[in-house]
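User: I am new to this structure. Please show it to me, and let me ask about the labels.

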Amino acid sequence: MANELLQVSDDFWNIRGSFRIGGLLDIGTQCSLVRRHNGKFVFLDAYMLSGSVRREVDRLTHGGEDVEAILNLHPFHTVHVEKLHEQYPNARLYGTARHVGRFPGLDWQRALTESPELHAAFADDFDFSVPQGVDFISDNENVHFSSVLALHRASRTLHADDTLMYLRLPAPLRWFGPDESVAFHPTLAKALERRAGAATDFRAWARALIDDWQDAENLCAAHNAALLARDNRGAPLPDRLQKALDRVRTTLDTHQRKFG
């Protein structure tokens with residue numbers, strides 16, 4: 001799983017990385033490299049590059065000279081923030097409020113990645129979406145539900161960390177259920193804001209995402225795997241997103257009964 005470069009399109013590469021819990025279980029992580037319409041590159045999220053992946057990225061970006069920005073999109077994905085910044089120090093560095101607070105010594109740009117200002121700055125290439133009805137930065141540091149989702153329109157690729165997951169079971173476990181699926185992160189129940197209307201707001205956000213991003217074909221998700229259109233033997237991605245929303249109906253209904 002570690003340090004693998006997947007070419008999704010002529011302008012989009014997904015880097016599958018390693019992230020071990022307790023030093024044993026590798027649940028994986030990711031970042032993506034995207035070539036913008038102006039020929040420059042941006043990273044979506046951070047992962048320290050090495051070996052053949054680093055060499056190929058440097059070949060594509062002329063030794064990193066064409067990397068113009070690093071967009072850190074998940075407030076709780078912080079392990080590789082400093083390391084990727086050190087590898088590409090001339091790239092403009094963007095992060096969420098939590099990134100900026102956690103690493104105050106880094107040269108952050110003013111616009112936060114969850115802000116409309118940042119989304120407008122990169123609107124030529126990307127659409128962005130921030131989940132509604134849930135805590136973006138939870139007080140519970142074990143709740144990693146929310147991230148900024150990014151759609152690269154040219155490649156029809158949705159980059160998402162944790163909020164959306166693509167689970168693909170290894171062959172020995174496929175006897176126990178579906179071998180792959182798209183799902184919302186299991187911490188949704190804890191992430192929903194403790195207020196009336198939160199479940200309704202989340203439903204509305206998810207439905208709008210599915211409707212507005214109907215052209216999406218590829219899903220690059222942490223932590224398990226990427227779902228690419230060329231390998232997809234099941235339903236199209238928008239249909240899978242709708243099924244993922246259907247599966248959390250009980251969670252949303254329970255929250256609505258409790259809080260309104």
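The questions below take up the labels one at a time.

Analyst: This is a predicted model, where local features need pLDDT of at least 70, side-chain atom pairs count only at pLDDT 80 or more, and totals for chains, interfaces and linings use all residues. Residues are numbered from 1 along each chain as its sequence is written, and side-chain values use heavy atoms, with hydrogens and water left out.

User: Why is serine 115 called buried?

Analyst: Buried means under 20% relative accessible area, exposed over 50%, and partly exposed in between (1.4 Å probe, protein chains only). Serine 115 has 15% relative accessibility, so serine 115 counts as buried. Serine 115 sits in the loop between α3 (97-102) and α4 (116-121). Helices here are DSSP runs (H or I, at least four residues), numbered from the N terminus.

User: What makes lysine 83 partly exposed?

Analyst: Its relative accessible area is 33%. Lysine 83 belongs to helix α2 (residues 81-87).

User: Which residues line the largest cavity?

Analyst: They are Leu164, Phe184, Ala206, Leu209, Ile210 and Leu241. Lining residues have an atom within 4 Å of a point of the cavity, a set of points on a 1 Å grid over the protein atoms alone where a 1.4 Å probe fits but cannot get out. Helix α6 (residues 198-212) gives the most to this lining, with three residues.

User: What classes of residue make up the lining of the largest cavity?

Analyst: The lining has six nonpolar, no polar and no charged residues. Ala, Val, Leu, Ile, Met, Phe, Trp, Tyr, Cys and Pro count as nonpolar; Asp, Glu, Lys and Arg as charged; the others, Gly among them, as polar.

Definitions and conventions. 1 Å grid on protein atoms, 1.4 Å probe; cavity = no way out; pocket = protein on both sides within 12 Å on 5 of 7 lines; lining within 4 Å. Helix = DSSP H or I, 4+ residues; strand = E, 2+ residues; numbered from the N terminus.
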